[in-house]
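Here are my notes for a first look at this one. Keep the viewer open and follow along point by point.

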Amino acid sequence: MYSVDTVIGHPGSSPKERQEIQLKWPQEGLTAVPDWIYTNPDIYSREVERIFHGRTWNFVALAAEIRSPGDFKRSYVGPTPIVVARNTDGSIHVFENRCAHRGAEFCRDLRGNVKEFVCPYHQWSYDLCGNLRGVPFKRGLKKEGGMPKDFHNEDHGLRRLNVAILHGVVFASFVADMEPIEDYLGAEILRDFETVFKGRELKIFGYYRNELPANWKLYHENLKDPYHATLLHSFLVNFGLLVAGNKSAMIADKSGRHGTMASAKGDDVGTNVDASSRKEMRAFRDDMKLNDSRLLDYVREFDSPWSVTMQTIWPNLIVQRELNTLGIRHIVPNGPNSMIMIWTMFGYEGDSNEMTRHRLRQGNLMGPSGFLGLEDNEAMKFVQEGVRRSPTDKGVLKLGGDSEGTSASLISESAIRAMYRHYREVMGL
Amino acid sequence: MIPGYDLTPPDPKAVRELRLEIEEFHAAYCWTLDRGAIEKWPDFFTDDALYRITGRENAEVALPVGLVYAEGKAMIRDRAFAIARTQMFAPRYMQHFVSNVRVVAAQESAIKAQSNYLLLQTLMEGPTTIHQSGRYYDSFARQGGRLLLSERQCVYDTLIIPNDLIYPV
Ligand SMILES: [Fe+2]
């Protein structure tokens, strides 16, 4: 069911949501997280203004989705609908999906190819850069009506966003004087980002979309939380993909907002879990074996010590490299209690037919029906319900003490604390 | 939309018997899933069957991704085992409704049909909701007098999945 279908304890029904709260972070500091950052509508509004519409680079498209002149894609910056289009000269442009005239969201197709954009309401037309080209009856009819003399098309184009493209990944910002995207990501994050994208022609495999009835920050937390990965996911635990003790790291950038959860798959899958860890990990199942082990085959194709890197790129992008299944997830915040996830799965041009099929088979790990993905979606829903409906008002973030940032141990929440350090600064909390 | 199904269908009157047989197959398949006997689900497939669930936005432009993508009965078994025994998710009931069965090929070597499906989900504290609306693209093989799926492609219109899709379609 969608979050709007909630019957018991629907958003807005809990006394907690109606309390006057002082938006004051708990005195413990970063070892505690107040529930109101996940549920409060004023906080959500401030996030849209200061984060998604603020000084951030937001993922909007992969260049491979809009290869030819005239190709476009409906997309989002934060919750705001935008259009990404490729111009006749090959350049990529991003503008609001809102007619400059009466505000109609004119672009309705998920993607396609056009010569120009025409708002269906009054047929105002725009070029592929968002400039206003045509206004029907601009000079009126028989010298009556029409636009005033001082109406100039160039003053009434679509609102355009700042664009940055890095190795075929398109980012946009409402802020004009953003730092270069490389600086925004930082060296620590750039390394594993380039492993997936640099010098590679992507081949799009297709899309999944889902509503996740949880606050958008929970997705970042989930992928900055290697502790859960060793506990919730029987697939990871049993098949040695991310196990406490394996070669792994939780990497954060200097600002604390981005992260990379990285691990190297053990060769002796499953058997390398020592008895004491096994006791801690209830998800470990002795009887769990695959009839078709191709699911977890790993074809070494990258010059990287890691076989798995999950990157959280603030504020709305996840880059997934899970063995050989590759994809990005675009987070579209949808009010405090909901987010839309748009998954684009891909391989590389030049992949053999067998490699493509291998990636597709391995895709069963991820997504809204993936063996890892579905468990995360369920867990995040549970968290949102808990923080919205219980009278208790904060959570605990004490794993690994009060350290912040990169952590060699998986049993640590230091990357989440680093993210909230950054968040509090931007949000003034 | 799915390659291999854009055929001139035989006269429906001539294949009534086969259509009934396919409807009976759907009823048994849905009964198995809807009563929660998930580990019996692989028994409806041939050893080399392809099982795939994908959004209509992908199928319409021949994008290959699968929300679920299983090549062969062994992978189908692994999914059944995982969902029945190891995956973590909130309890729920599912009901499948299959209708508009349309036989598009009726040679014994190639039996193909398209059917619409509606999948309803009920969470323990939730309403009953339409979880997915879609169409099956099925190829059958007859083994031991019994129809088995050699291919089932489930193409859903409900592009925005309500959180997740746990059980098979
Ligand atoms: Fe997870």
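1. Start with the layout of chain A. It splits into domain 1 (61-165) and domain 2 (186-427), with bounds that come from an automatic or database domain assignment. Some ground rules before going on: this is a predicted model, in which local features need pLDDT of at least 70 and side-chain atom pairs count only at pLDDT 80 or more, while totals for chains, interfaces and linings use all residues. Residues are numbered from 1 along each chain as its sequence is written, chains are lettered from A and ligands numbered from 1 in the order in which they are written, and side-chain values use heavy atoms, with hydrogens and water left out.

2. How far apart are the centres of the two domains of chain A? Taken over C-alpha atoms, the separation is 36 Å. The contact (heavy atoms within 4.5 Å) draws 10 residues from domain 1 of chain A and 15 residues from domain 2 of chain A.

3. Next, the area between those domains. Domain 1 and domain 2 of chain A bury about 970 Å² between them, 59% of it on carbon and sulfur atoms; buried area here is the accessible area (1.4 Å probe) that two parts lose on being put together, summed over both. On the domain 1 side, Leu62(A), Arg67(A) and Tyr76(A) supply 46% of the area buried against domain 2, more than any other three residues.

4. Arg67(A) turns up again in a salt bridge with Glu349(A), where the closest N and O atoms are 3.3 Å apart. The rule (a side-chain nitrogen of Lys or Arg within 4 Å of a carboxyl oxygen of Asp or Glu) finds 2 salt bridges across this domain interface. The side of domain 1 that touches domain 2 in chain A has 5 nonpolar, 2 polar and 3 charged residues. In that count Ala, Val, Leu, Ile, Met, Phe, Trp, Tyr, Cys and Pro are nonpolar, Asp, Glu, Lys and Arg are charged, and the others, Gly among them, are polar.

5. Now bring in the other chain. Chain B puts 40 residues into the contact and chain A puts in 47 residues. Together chain B and chain A bury about 4,000 Å², 55% of it on carbon and sulfur atoms.

6. How many salt bridges does the rule find across the interface of chain B and chain A? There are 7 salt bridges, including one between Glu57(B) and Arg111(A), whose closest N and O atoms are 3.0 Å apart. A search of the whole structure finds 34 salt bridges over all chains. Glu57(B) lies in helix H2 of chain B and Arg111(A) in strand S6 (residues 111-113) of chain A, so the pair joins two chains. Helices (H or I, at least four residues) and strands (E, at least two) are DSSP runs, numbered from the N terminus.

7. There is also strand pairing between the chains, which needs DSSP to find at least two bridges between two strands. Strand S12 (residues 202-212) of chain A and S7(B) run parallel and are joined by 3 bridges. To find the place, look for Asn210(A), which stands opposite Ile161(B) in S7(B).

8. Back within chain A, strand S10 (residues 162-166) and strand S11 (residues 169-173) pair in the antiparallel sense over 5 bridges. Leu166(A) has Val169(A) in S11(A) as its bridge partner. S10(A) and S11(A) form a hairpin with 2 residues between them, and His167(A) in the turn has a positive phi of about 50°.

9. Pro81(A) is worth a click. This residue lies in strand S4 (residues 80-86) of chain A. Beyond its neighbours within four places in sequence, Pro81(A) is in contact with Ser75(A), Tyr76(A), Glu96(A), Asn97(A) and Glu105(A).

10. Last, two backbone details to check. Most residues other than glycine have a negative phi, and most peptide bonds are trans. Lys142(A), which is not a glycine, has a positive phi of about 50°; Lys142(A) sits in the loop between strand S9 (132-134) and S10 of chain A. A cis peptide bond, with omega about 5°, joins Trp314(A) and Pro315(A). Pro315(A) is in the loop between strand S15 (308-313) and strand S16 (317-322) of chain A.
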